[in-house]
Amino acid sequence: MSRMVRENTVSGLRERIYFANAMLRQLTREQADASPTIRLALRGAVVFHLYSALVGMIRQSAKTYQVAGADNLFSLAALEQAFADAGVQAPEVSVLAQARQDRADLVAWLDTEMQAALGAAGLARRPTPPSEANTLNLMAEDRYAPLADGDLERLEQATARVGELIEHCVGYLEEW
């Protein structure tokens, strides 16, 4: 797990994206035939690092704008609410809020995945990936279920989307 985003904000945010990419490469290449538990752990690591990059960015913004209590919050919704309660309108928070509200945006999907990960079942919603031993299960496979091909594509796209958002919003962080 990477260290918390602290002194060098931009470097720390980019580090999170680097780790997400590294875990995704492991998941899709070296661990493609690994047990489902290892693959689910890697998937969870990708989701965590992407989400924590976004949370780290908003926490840094909260420090800049002196939004009280933001250091203890770790969900985008809670951070958005802290800004609203403080009466602060930051451009990076607005960008993420719009992305979270758009169900077609990968940030909304990532937020949903992270919230599901914090539930009792976590990311282990399915004990085994589909196999040809049970072709009926294979035919009914949800492309976006954990460990399915569509899910891996979505993780890749989410990694790119978070990277784009960080690069877009870094200007706001550095501006102040």
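1. Let me start with a pair worth a look: arginine 14 and glutamate 167 form a salt bridge, their closest N and O atoms lying 2.7 Å apart (a salt bridge being a side-chain nitrogen of Lys or Arg within 4 Å of a carboxyl oxygen of Asp or Glu). Arginine 14 belongs to helix H1 and glutamate 167 to helix H7, so this pair ties together parts that are 153 residues apart in sequence. Helices here are DSSP runs of H or I with at least four residues, numbered from the N terminus. Arginine 14 is partly exposed at 39% relative accessibility, and glutamate 167 is partly exposed at 41%. For these labels, buried means under 20% relative accessible area, exposed over 50%, and partly exposed in between, with a 1.4 Å probe and protein chains only.

2. A word on the basis: this is a predicted model, in which local features need pLDDT of at least 70 and side-chain atom pairs count only at pLDDT 80 or more, while totals for chains, interfaces and linings use all residues. Residues are numbered from 1 along each chain as its sequence is written, and side-chain values use heavy atoms, with hydrogens and water left out.

3. The structure holds six salt bridges. One of them joins arginine 100 and glutamate 80 at 2.7 Å, N to O. Arginine 100 sits in helix H4 and glutamate 80 in helix H3, so the pair links parts 20 residues apart in sequence. Both of these residues are buried.

4. Aspartate 105 pairs with arginine 161 in a salt bridge, again with the closest N and O atoms 2.7 Å apart. Aspartate 105 is in the loop between H4 and H5 and arginine 161 is in helix H7, so parts 56 residues apart in sequence are tied together. Aspartate 105 is buried at 11% relative accessibility, whereas arginine 161 is partly exposed at 23%.

5. Do look at the largest nonpolar core, which has 42 residues, with Leu54 and Ile166 making the most contacts inside it. Such a core is a set of buried Ala, Val, Leu, Ile, Met, Phe, Trp, Tyr and Cys residues joined through side-chain atoms within 4.5 Å. H2 gives the most to this core, with eleven residues. Beyond its neighbours within four places in sequence, isoleucine 166 is in contact (heavy atoms within 4.5 Å) with Leu13, Ile17, Ala53, Leu54 and Met57.

6. Finally, glycine 56 is found in helix H2 (residues 36-65) and is buried, at 10% relative accessible area. Its C-alpha is 8.3 Å from that of glycine 12, 44 residues away in sequence.

How values were computed. Helices (H or I, at least four residues) and strands (E, at least two) are DSSP runs, numbered from the N terminus.
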